Amino acid sequence: MDDFDGSPSTGDTERAGTPAAQAAVYCDPNIVKRYLLSLVPVLLGGSGGDSEEDEEAEFEAVKAMFSFPDSSAKCKAFANDPAVPVLYVIKETEVSSGAEAAESEYAFSTATYVLASELSWTPSHAGSIALIKRAPTLDPAVQLSRQIQVMNLPGPASSASLPTAVADSDKDGSSGGITTGANPYEALHAYVRFAVSPYFNAYVAAKELVEQQQQAAAGGEADKDASQAQVQQAQQQGIPMARKKLAELELSLLHLQQNMDIPDTSLNIHPVILRAVSESRRRGMRPSVEVIDPALLSDSGFLNQLQGDVNGWIKEIQKVTKLDRDPGSGTTSQEINFWLSMERALDRIEEQLASDEIVLTMDVLKAAKRFHATVSFRTDTGLKEAGERVQRYNVLMKDFPINELLAATDIGRISVAVELIFAHFIKKLKLTPYPVVRALPLAEAISRDLHDQLAKVLGHVRLMHMDYVDFDRLVRETQGALEVWESQAK
């Protein structure tokens, strides 16, 4: 590991003396290393112990990341290369093996820190820090805290102990070790809602206040009109659109959190069937019962295995077809997204059932006269009933304009959104037998969304500091939105 003496190496000194380096002051990578040594233990440290020994071990683990051969080169490039705008510090947690955990009665983990130019997502990823340069290169004469933006990103092993997280993610083999612990959508939504949007709104509000003060100090009516025209022109050029896009991004991330996961259906195929289909494709022919060894058609063991596979398919498919949710709980978006996701899940099941492997399995059972395993297959899965119900419900759910309400950034847009929602709601209810017992709770969910959006839009308004004209306008707009709701809900 390089010594942190603050003095550049001979090669670094030669580079600093070149004409290219004279234009941009060379920054010693050791400065970046010392900054990381003070920053990383605070933002990513903590392995469960609060003793001095634990803190010392954590510091040594952070320091050890500079022992990797490419660490110095990455720090050097980050400090001096305009083409490298970001540097990541990634914390990986290694878990003790099962035998070691059994001997010690407790599972233990060891943290490893690495520098990277790109992020990755693995079950052992406990978290990362993104260091973003605010200028093309770093200036050694200026504090790095003034030149670097830092963002802390949680990993899948950050909100739970890794053994539990990995076990939960892979207990059914469906996640492949990808979904564990922390929810990235939740973290990103929190950043946008509680940091990015407030930061943007605070700047815009301060900017508008300064412009108003300048307008008041300008004096004459002509100056006021000119200044007001400039403000209105600037607003038309992008601020409302940027605010709307931020609201839409926040909404999209919230939807990703709220969506009820429809389980992926994976249908097990017998190895003999897989080989037969593969051989048929190799020969360029359609898979049929003729490619199966005739002796197997009378082999009760083989046929029982196929019949067991079919029974397993029924149970897997029923996990989807029997799903439902209470429309009175949660949000309108959850009800909409559930049925749209259900339609996609049923389509994927139908695609699997139409595959050569599934068709050949059913044909083999029919040829062996195992009709009780095939005749009632569709009925037992409930696919037909589920498909018909989803199609009926999605007449209402498709193109439902709820996002117009949830992304509204002012009272006027909320009023327009309410009108659009009820126009769609009333029109589609006449075309689909969406049950009344679901329609009423859905309307209540819309009312909750309206309440939440009004509170969100009005929440940052400082009513006691507003001019009376603006206050009166806001009250009338809010009253108008509520009147629109009353008239439409009737």
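Start with the largest nonpolar core, which has 66 residues. A nonpolar core here is a set of buried Ala, Val, Leu, Ile, Met, Phe, Trp, Tyr and Cys residues joined through side-chain atoms within 4.5 Å, and buried means under 20% relative accessible area, with exposed over 50% and partly exposed in between (1.4 Å probe, protein chains only). Select Val364 and Ile414, the residues with the most contacts inside this core. Then colour helix α13 (residues 332-353): with 9 residues, helix α13 gives the core its largest share. Helices (H or I, at least four residues) and strands (E, at least two) are DSSP runs, numbered from the N terminus.

A second, separate core has 24 residues, including Leu44, Ala61, Cys75 and Leu144.

A word on the model: it is predicted, so local features need pLDDT of at least 70 and side-chain atom pairs count only at pLDDT 80 or more, while totals for chains, interfaces and linings use all residues. Residues are numbered from 1 along each chain as its sequence is written, and side-chain values use heavy atoms, leaving out hydrogens and water.

Go back to Val364 and show what surrounds this residue. Beyond its neighbours within four places in sequence, Val364 is in contact (heavy atoms within 4.5 Å) with Ile273, Val289, Ile292, Leu297, Phe302, Leu303 and Leu306.

Next, select helix α11 (residues 271-283) and helix α14 (residues 356-367). Their axes come within 10 Å and cross at roughly 115°; these axes are lines fitted to C-alpha atoms over the stretch in contact, with angles running from 0 to 180 degrees between N-to-C directions. Show Ile273, Leu274, Ala276, Val277 and Arg281 in α11, which meet Asp356, Glu357, Leu360, Thr361 and Val364 in α14. By class, this contact of α11 with α14 has 6 nonpolar, 1 polar and 3 charged residues.

Now move to Ser71, in helix α5 (residues 71-80). Is Ser71 buried or exposed? Ser71 counts as buried because its relative accessibility is 2%. Leaving aside neighbours within four places in sequence, look for Met65, Phe66 and Leu115 in contact with Ser71.

Ala443 counts as partly exposed because its relative accessibility is 22%.

Finally, zoom out to the whole chain. You will find 20 helices and 4 strands, and 37% of the 490 residues count as buried.

Conventions: Nonpolar A, V, L, I, M, F, W, Y, C, P; charged D, E, K, R; others polar.
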